Every structure is written in C-alpha cells, then in structure tokens.
Amino acid sequence: MLYRLEPRGERSLFWAYGSPVLAILLTILTMMLIFAALGAPPVKGVETFLIAPVSTLSGLSSLLVRAAPLVMIGAGLALCYRANVWNIGGDGQFIMGALAGGGAALALPNAAFWWAYPLVAALGILGGMGWAGLVAWLRLKFNANEILTSLMLVYIAQLILVWLVTGPWRDPAGFGFPQSAMFGPGVTTPSFGGTTIHLGCVLAPLLALALWQVLGRSVLGFQLRVIGQAPRAARFAGFSNARLTWFALLMSGGLAGLAGFFEVTGPIGQLTATITPGYGFTAVIVAFLGRLHPVGVIFAGLLLALSYLGGDAAQINLNLPNAVTGIFQGVLLFYLLGADVLILHRLRRARPAPEAAA
Amino acid sequence: MSSLKRRSFTGLLGASALAAPGIMRAARADAPLKVGFVYVGPVGDFGWSYQHEMGRKQAQAALGSAVQTSYVDNVDESPACQAVFESMVASGHKLIFGTSFGYMNYMVRVAAQHPEVKFEHCTGYKQAKNLALYNIRYYQGRFVQGVIAGHLSKTGTIGYVASVPVPEVVQGMDAVMLGMQSVNPKARLKFIMVNSWYDPGKEGDAAKALIDQGCDVLTQHTDSPAPLQVAASRNIPAFGEATDMIKFAPHDQLTADINHWGDYYTQRIKDVLAGSWTSTNTWGGFADGMLQMAPFRNMPEPIAQAAQQSVADISAGKNKVFTGPLTDQTGKVFLPAGQTMDDTTLSGLQTLVNGIEGKLG
C-alpha cells in the first residue's frame, strides 16, 4: 500500500501542536526498543528514564535547577529566531552575565542583600546584553553574519572566564585551584525550603510568560514577527530593522546573562573554569522544540532537563550507559522534524498508477 | 579539574583481594550494601576514570553479593553532579565515591544534608564527619623520574609540561627537580603551564617549545600522550603520565606512574559493612601500593637499578622527598635542614624549589 504526501495549502493548527506530541510518543516507543536491545526491560526502562528522576523532591528540584537556564536562554532565542536573527551565542552571553554579576559579587563579600543582590543581578543582565549587543552592532554596522560573530564570541567569553579564574580572580585561599572564592551570603541567589530550587527556577517561567505577552500583544511583537516572515513587507511598512535587531539581541542576551548570573550565584556558588555544560547550545534545541513559543519553551526546557536526569538514573539503576540521554535527544529531534511535515502536508493513500502493471 | 589527569592502566585485577568471610557472611543476611561511584570522564577513557572503574570492579569481585556497586560516568563538575549524588542517595546508596576535584563543594553540600550516608572525595581538601578524603602521593613517582633524568640528561635540563598550578603540580615539579638534583646538583627544570588537564594541541606545542629551549628529557602532568609523542618524534626520552603509555613511544618512554585504587575501595567498603568506617584523610603512595611505576625501559641497566633503589627508599620511608634543606627560587631556605614537610603544608604547596625556571600563573 502506498502513501504520498500532499500539500495542505495551509498550516494545520492541529498538527502545529500535535507534531511535538506525536514526536514524543514515537520517541518513547523507540526508546523502549533501544532499552530492550540493551537488555533492559522496556517499560521499566521508560519508567526509570522519565518518571523515577522526578519521583523524589530532590529529583524534582534537580529538574527545575537544570531547566531554569534552558528555559531562560531558550525563550530569548525563540524571540530572536522569530525575527530572523540567528543568535547561537547564548553560551557566551550566559558566561558574560555570570562574569559581570559574579565579578561584582566577589567585590561585595559582606554586602547587605537588599541592595547588593539587585545590583549584581542587574550587572549580570547587562553583561549578557553587552555581549549580545556586540553581535547586533557588528551586524548592523558591518553587515557581519551574526551566526559567526555570536558563535565566535562564545569562545572569547570562555577564554576570558578561564583567564579570570586562573589569574586575577582566583581564590587566594584556594590552593591554586582554578576557581574564585565562594560568594558572600548577601550576593547569593536564595533557594527555598532546604531544596536546591532557587529564585531563577521561579523566575524562568514567569519571564517566558512575560515574553509571550510582549510577542503576542504588542506592536513590537507584531513587528518582530513580520520582519521575520516577510522582511520586504516590514520594510515597506516602515519598521526599523536596526531597532528590532537591537531589541531581539539585547533581550535574548539579557535573559542569557541573567541565567548565567543565577547559575553562578545559586547552584554553583562561585566562579569556576566551566560554569556551563553548553546550556546556550542546548537552548537552541529547546527553542525549536518549543515551536519558538515562550510557553512551548517552558515544556521543552523541562523535557530536555529530564532527559539528562533520566540518563543518570538509567545508569545508576539499570546499568545502562548514560549516553541514552544523547540518543533520546537525537531521536526526539529526528521525529519532531519528521512530524513537522504534517503541518503543511497530509498523508493520502496513493491511487494505483495507471501503468503500475507495466 | 584535577580528575581529568592521570591515566593509568595496570593489572589491577591481579592485586590481592583481601576477603573477609566473616564480615561478608554477617552482611549477607541483609540486603546488599549499595555503593556508588561518580566519574568525570567516560569509563572507556583508559585513563583516570578507567582506573577508578577498575578499582570498583576489583572491590565488587572481592566482596561479592555483600555489596551492589553502581556508577555514573561523564558527570560534569557542575550542579549536574549534585543531582547525581542526590539521585544515588535517593536510590539507597550508603557509600558514595566522587572521583573528581570539581565535585568538592557539591559533595560538601549533599553530605551535610544526608548525615546517614557516607561520602568519599578523591583529590579534594574539604573533609566532614561523613565525608572522607583520599588521594595518592604522585610526587613520589616524580622524584624517581627526576633521578632517572639526572642520570640521562646531558644538558642537565628537563622539560615539564604542566597543567594547572595546583599544589599537586607544584609538588610534582619540585619532586622532579629534587630527584634530578640528587644526581646532578646543577640540574634545571623548565616548565610550560598549559592551563588544562587535557588539550593535545597545546600539550604538544609546549613539548616542542621545551625541547627547542634545550630540554633533553621531557615529563608531563597532562593527560594526553601528545608530549610523549612529540618527544619520540625527536628521539628525546620522556615519561608517560599515570598510565603505561609505552605503545605511544616504544623506544623513548622511560617509565610512567600508575594509580591503583582497588585495594582502597575494597577496604573502605568492608569498613562500612563492619560498622567501623570513619572519616579519614588517606594519602597513599608506593608503600601501600596505591602508586606503582611502569617497567623501567630504554635506559642502561645501572640507571634502572638506581631508579629501583629510589622506589625502595621512598617506599621504606627512608626518603620523604620533601626534606630540608629546601631553598626556593630566590635562594631562600623555606624548609630548614633536618625537617620534613608536614602533610598540611605539603597539600597546599605553592613554592617552587631552586633550579626551576619560571613563575606560577
């Protein structure tokens, strides 16, 4: 029996939301096959991978801690991508936010929380904004491709970080290890109820929702969408490309910088040579899995965070290699891209071709 | 960070497993003790994490059904590791080994929240009531390298591809210098700090630069075989790092130091089974077999014998390596004659001895 793809002629609203769901279901089925092939019971495997990690309070906290930076960076990237601004330097903006906020925090070891914390948080945002602002300036001034500049600036940020923690900012009492002193209590991101859940975990979804309002309800959001989907129309309408590029990059840079600030002043508690396992790059997947929609980004961030914890749980409890995390993410993306075909196309049973017998 | 370093590969499984039938029988009545291991690299790295995994397997084989060990590898030195430690606690592990320096502050936090679980941290310096420390005196092997280099070097200058200026690396450079000067008092040491534990490109470049500056023996405190390979390509004798790297330089590797964790793991698990575990700070070496040297090759027999003698002296405690008089780079005595440096000072060492050229970062 043959099927063929037929253009729908319009976007299917059903499949725009149904395709991620279908992709997740297919991924779970595939994971069961992989678990079976690795000699683990498939149902127990899925349970261990997706449910066990969040069945305890500490697991749930870990999930939120891991998801917070992904959601924050992902929401900013979604905004950029909607405006056709291909910022893939979230990691660099994250690091510069951490450096700006963390550096100020190091200078204020005994400061009072009520004034010092908002100050260093603001510096964290500005650090990320500045790094992304460079990208905007290079694109508008020299027409430099922002994919390249934002990526290259990641490596520069990493080198600055390594230089600072092995040089000027190294903890004098740290026996030469490449790390700063721990931050003082007045500049530490508060966490709640004895768990690792910190202020950033709470703010991340709220910021994503706020961004949704900006995108959906404001003239600015409308302009961003138009400039992304129909740049010529936007130009005829008199929308300022420069203004929107600045807005998208500063917004996403600020969010990434804030995420970096929360990460170092919260879960890490100091500056070290490696403060991100690649959140800025994983957030690209988060943005697309979340349909470039801030609310989608929240769910996508949680799912990808879960896949990390699931890999660890699978290794601890079932002796499976934690590379299943990477497999899960890869399979999920594969099915998502495949299922997205259904948004613009439908499957039709092919009529038997007249000359099929020949 | 400090974990990504020393690789070694040796017949760990052949080591004597001290069985304790009485303890095991007593424990067998209950559910097996769950013991967890957290590694920074992949278990297949044939280096640092691989050596710990060999140790885990040895302990599991020795203790049989009394224990159930599990591990997670590729765990970043980030908040992600805290999640792994917590997840191990949640699934009933009562003894957890973390084998990377960067886990330190996370282990301190998790240990404080779970006083009923015992933790052990490799290479760190923060101890707690339920958080023990363990490490190896790598500098003992470095001294032996220095003795060999002192005999072999014609220019009297050894090159040291250094990683990060932490005490362990400072101890290593000092020990090589002292070993070399025990043979040739005029010996010098040049080093390049690559600020990474693993970066084959930078390591190889550093090796080339050191050879070009007149070093005719090379050693390294980084992970990849790149410096050794550069040395081999220029017919410069060199030392392998933490694993027997002989296959990368069959005609040029002199020896290598090898880490051995299995006996320690077996003993610590037995202590928990027997209820006698306490938070200790273990710093093993030649004497207890935690550090061993790869076979001495590519050198005249008398030099190999001198190296063997040096191992025996250190093992017997006759040579403590850091014994006065020690002078720093300015010629000032920082450890008077007749004194031996205590472990606390040694574990925070940031002073380079006279004869070493260059400054720490």
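Author: We may begin with strand pairing: two strands pair if DSSP finds at least two bridges between them. The model shown here is predicted. In it, E4(B) and E5(B) run parallel and are joined by four bridges. Within this pairing, His121(B) stands opposite Leu133(B) in E5(B).

Reader: How many bridges join strand E3 of chain B to strand E4 of chain B?

Author: Four bridges join E3 (residues 95-98) of chain B to E4 (residues 118-122) of chain B, and these strands run parallel. Here Gly98(B) is the residue opposite His121(B) in E4(B). On E5(B), the pairing with E11(B) is also in the parallel sense, over four bridges. Trp283(B) in E11(B) is the bridge partner of Asn135(B).

Reader: In what order do the strands of the open sheet in chain B lie?

Author: The order is E2-E1-E3-E4-E5-E11 (chain B), an open sheet of six strands with parallel pairing. Strand E2 (67-72) and strand E11 (281-284) of chain B have a single partner strand each, so they stand at the edges and one side of each is left without a neighbour in the sheet. On average, neighbouring strands of this sheet are turned by 15 degrees against each other, direction ignored.

Reader: Are the residues of E5(B) buried or exposed?

Author: A residue is counted as buried if 20 or more other C-beta atoms lie within 10 Å of its own. For E5(B), six of its six residues are buried, and the strand is mostly covered. Leu131(B), Leu133(B) and Asn135(B) point one way from E5(B), whereas Ala132(B), Tyr134(B) and Ile136(B) point the other way.

Reader: Which helices lie on the sheet?

Author: Helix H4 (residues 104-113) of chain B packs on the sheet and touches E3, E4 and strand E5 (131-136) of chain B. The direction of H4 makes about 170 degrees with that of E4(B). Helix H2 (residues 48-63) of chain B lies across strand E1 (33-38) and E2 of chain B, and runs at about 165 degrees to E2(B).

Reader: How is the packing of two helices described?

Author: One gives the angle between their axes and the distance between the axes. In chain A, helix H8 (residues 219-229) and helix H10 (residues 241-268) pack at an angle of about 105 degrees, with their axes 11 Å apart. H8(A) is therefore roughly perpendicular to H10(A). Leu220(A), Gln223(A), Leu224(A) and Ile227(A) in H8(A) meet Asn241(A), Leu244(A), Phe247(A) and Ala248(A) in H10(A). By class, this contact of H8(A) with H10(A) has six nonpolar, two polar and no charged residues.

Reader: How many residues does each chain bring to the contact between chain B and chain A?

Author: The size of an interface is often given as the accessible area lost when the parts come together. Residues may also be counted: the contact takes 31 from chain B and 31 from chain A. On the side of chain B that touches chain A, the elements giving two or more residues are E2 and helix H3 (79-90) of chain B. H3(B) gives the most to this side, with nine residues. By class, this side of chain B has 14 nonpolar, 13 polar and four charged residues.

Reader: What is the radius of gyration of chain B?

Author: Chain B holds eleven helices and 15 strands. Its radius of gyration is 21 Å, close to the 21 Å that the globule rule gives for 361 residues, so chain B is as compact as a globular protein of that length. Of its 361 residues, 57% count as buried.

Technical notes: Residues are numbered from 1 along each chain as its sequence is written. Chains are lettered from A and ligands numbered from 1 in the order in which they are written. This is a predicted model: local features need pLDDT of at least 70, side-chain atom pairs count only at pLDDT 80 or more; totals for chains, interfaces and linings use all residues. Axes are lines fitted to C-alpha atoms, for helices over the stretch in contact, and angles run from 0 to 180 degrees between N-to-C directions. Two residues are in contact if their C-beta atoms, placed from the backbone, lie within 7 Å. Angles under 35 degrees count as roughly parallel, over 145 as roughly antiparallel, 65 to 115 as roughly perpendicular and the rest as oblique. Ala, Val, Leu, Ile, Met, Phe, Trp, Tyr, Cys and Pro count as nonpolar, Asp, Glu, Lys and Arg as charged, and the others, Gly among them, as polar. A residue is buried if 20 or more other C-beta atoms lie within 10 Å of its own, exposed if 12 or fewer, and partly exposed in between; C-beta atoms are placed from the backbone. The radius of gyration is taken over C-alpha atoms; the globule rule is 2.2 Å times the number of residues to the power 0.38.
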